[in-house]
Amino acid sequence: MGLRHVNGTTSSLDMDIRFHTPLTAKEQLGFGLDAPQPLALADKVRFAELDPLNHVNNKAYIEWFETLRVSYFDNLCAFCYDGLEAPRLVIRSANIHYVREMVMDEVYVTTARVTGFRNTSFTIEQQLWSGDLRATLTGVMVTLRGDGSGRYPLPQSLREVFIKRDGATPEG
């Protein structure tokens, strides 16, 4: 049984949570998420992620979101490029909102879904949960040609996946 740290005390989760493995919709809801997301991964705060005040350093949140973003693309998007040149995926912009601090040994879940897309970019929404919402990130991701020579249009199959799986809408 996993543990989580809430309001200075450690309590058991209502369910076992699998780390580093995509969580099912039922597992996500059981962990307290408002709604299941296309990808959600669980992990736990490590000592190296703490700052001198013994709460999670802001840099750790960015790393957690980045790890999930890479997994999201590799596991849920890359197949749309089968037979095509693989894109370079870069962040154009990102906005993080820190809601509530986190501390040592807290179990958390990060989530990702695409909310909108254009010809060569998409907007990704990420959330961090540990009993309640702790942080969000909204980022604009741009696809570039493999050699970096210019932007790379999103394949139609990926656009369709964003709409059907994530509920994304075309922008612009």
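1. The loop between strand 2 (9-12) and helix 1 (25-30) contains H20; helices (H or I, at least four residues) and strands (E, at least two) are DSSP runs, numbered from the N terminus. H20 is not a glycine, yet has a positive phi of about 60°. A second case is N54, a residue other than glycine whose phi is positive, near 65°. N54 is placed in the loop between strand 3 and helix 2. Most residues other than glycine have a negative phi.

2. The model is predicted: local features need pLDDT of at least 70, side-chain atom pairs count only at pLDDT 80 or more, and totals for chains, interfaces and linings use all residues. Residues are numbered from 1 along each chain as its sequence is written, and side-chain values use heavy atoms, with hydrogens and water left out.

3. Helix 2 has 19 residues, which at 1.5 Å a residue should span 27 Å; the end C-alpha atoms are 27 Å apart, in agreement with that value. The expected span is defined as 1.5 Å times one less than the number of residues in the helix.

4. Which residues of helix 2 are buried? They are A60, Y61, W64, F65, L68, R69, S71, Y72, F73 and L76, where buried means under 20% relative accessible area, exposed over 50%, and partly exposed in between (1.4 Å probe, protein chains only). The buried residues of helix 2 pack against strand 3, strand 4 (88-98), strand 5, strand 6, strand 7 (133-144) and helix 3.

5. The largest nonpolar core has 21 residues, and those with the most contacts inside it are Y72, F122, L154, L158 and F162. Such a core is a set of buried Ala, Val, Leu, Ile, Met, Phe, Trp, Tyr and Cys residues joined through side-chain atoms within 4.5 Å. Two or more residues each come from strand 3 (39-44), helix 2 (58-76), strand 5 (107-117), strand 6 (121-129) and helix 3 (156-166). Helix 2 gives the largest share, 4 residues. Apart from this core lies another, of 12 residues, including A60, F65, Y108 and A135. In soluble globular proteins, nonpolar side chains tend to be buried together.

6. Y72 belongs to helix 2 and is buried, at 1% relative accessibility. Leaving aside neighbours within four places in sequence, Y72 is in contact with P38, L39, C77, A112, R113, V114, I124, F162, R165 and D166; contact means heavy atoms within 4.5 Å. The side chain of Y72 also makes a polar contact with the side chain of R165, at 2.7 Å. A polar contact is a pair of N or O atoms within 3.5 Å; within protein, one must be able to donate a hydrogen and the other to accept it, and residues adjacent in sequence count only if both atoms are side-chain atoms. The C-alpha atoms of Y72 and A135 are separated by 18 Å, the two residues being 63 residues apart along the chain.

7. The whole structure holds 7 aromatic pairs. Rings of Phe, Tyr and Trp (its six-membered ring) pair if their centres lie within 6.5 Å; planes under 30 degrees apart count as stacked, over 60 as edge-to-face and the rest as tilted. The rings of Y81 and Y152 form a tilted pair, with centres 5.7 Å apart and planes at 50°. Y81 lies in the loop between helix 2 and strand 4 and Y152 in the loop between strand 7 and helix 3, so this pair ties together parts 71 residues apart in sequence. Both Y81 and Y152 are buried. F122 and F162 also make a tilted pair, with ring centres 5.2 Å apart and planes at 50°. Since F122 lies in strand 6 and F162 in helix 3, their pair ties together parts 40 residues apart in sequence. Y61, W64, Y98 and Y108 form one aromatic cluster.

8. How many disulfides does a search of the whole structure find? The number is 0, a disulfide being a pair of cysteine sulfur atoms within 2.5 Å. The sulfur of C77 is 6.7 Å from the closest cysteine sulfur, that of C80, which is too far for a bond. C77 is buried, with a relative accessible area of 0%, and C80 is buried at 7%.

9. E171 is placed in the segment after strand 8 (169-170) and is partly exposed, at 30% relative accessibility. Leaving aside neighbours within four places in sequence, E171 is in contact with G116, F117, R118 and T123. The C-alpha atoms of E171 and R118 are separated by 5.4 Å, although these residues are 53 residues apart along the chain.
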